[in-house]
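Subject: Handover of a structure

Dear colleague,

Please find below the structure that I am handing over to you.

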Amino acid sequence: MRLTIIGSLSGNLSTATKIAMQSGAKVTHAQTIETALNELRNGQGADLIMIEDSFDIRELVERLEAEHIHISVVACGSGENTRAAVEAIQAGAKEYIPLPPDPELIAAILT
């Protein structure tokens, strides 16, 4: 599994990254949507994108579709922000992972 993470690798997202790597995922990181798209265009493939809910998830999903890049998007953010979870799913994310991450949930999504 090749995972691209969009966001700041601090705090809970850093923990999620470590869990993904322990589950066997090859993880790459991008600070912005644009950086992630550039990496994908330049051959850095991914099977899954995990993006912080503070980013414009709809923009990411629409740009992936416009460029015919077929990658599932999973949003993540504070477990207490149910509104962000609903908005992420409505914007096109396939799943929402509440942070701090649950190792079993991360493993299930990677499978």
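This is a predicted model: local features need pLDDT of at least 70, side-chain atom pairs count only at pLDDT 80 or more; totals for chains, interfaces and linings use all residues.

Residues are numbered from 1 along each chain as its sequence is written, and side-chain values use heavy atoms, with hydrogens and water left out.

Overall chain

The protein chain holds 5 helices and 5 strands; both are DSSP runs numbered from the N terminus, helices being H or I with at least four residues and strands E with at least two. Along the sequence, the elements follow the pattern β-α-β-α-β-α-β-α-β-α. The radius of gyration is 13 Å, close to the 13 Å that the globule rule gives for 111 residues, so the chain is as compact as a globular protein of that length. This radius is taken over C-alpha atoms, and the rule is 2.2 Å times the number of residues to the power 0.38. The C-alpha atoms fill a box of roughly 30 × 30 × 25 Å along the principal axes.

Of the 111 residues, 42% are buried. Here buried means under 20% relative accessible area, exposed over 50%, and partly exposed in between, with a 1.4 Å probe and protein chains only. Among contacts (heavy atoms within 4.5 Å) between residues at least 6 apart in sequence, 54% join residues at least 24 apart.

Helix H1 spans residues 12-22, and its buried residues are Leu13, Ser14, Ala16, Thr17, Ile19 and Ala20. Gly24 follows H1 and has a positive phi, near 100°.

In helix H2 (residues 33-41), the buried residues include Ile33, Ala36, Leu37 and Leu40. They lie on the same side of H2, because they cover an arc of only 95° around the axis; the arc is that of the directions from the helix axis to the C-beta atoms. The buried residues of H2 pack against strands S1 (2-6), S2 (26-30) and S3 (48-52), and against helix H3 (57-66). Gly43 follows H2, again with a positive phi, near 95°.

Largest pocket

The largest pocket has a volume of about 160 Å³. Its lining consists of Val61, Leu64, Glu65, Ile69, His70, Ile71, Ser72, Val73, Gly92 and Lys94. A pocket is an open set of points on a 1 Å grid over the protein atoms alone where a 1.4 Å probe fits, with protein on both sides within 12 Å along at least five of seven lines; lining residues have an atom within 4 Å of a point. The volume is the space filled by probe spheres set on the points, which are joined across faces, edges and corners. H3 gives the largest share of the lining, 3 residues, and H3 and strand S4 (72-78) each supply at least two.

Two loop residues

Ser8 sits in the loop between S1 and H1 and is partly exposed, at 31% relative accessible area. Beyond its neighbours within four places in sequence, Ser8 is in contact with Leu13, His29, Gln31 and Glu52.

His68 lies in the loop between H3 and S4. It has a positive phi of about 55° although it is not a glycine, and at 63% relative accessibility it counts as exposed.

Yours sincerely
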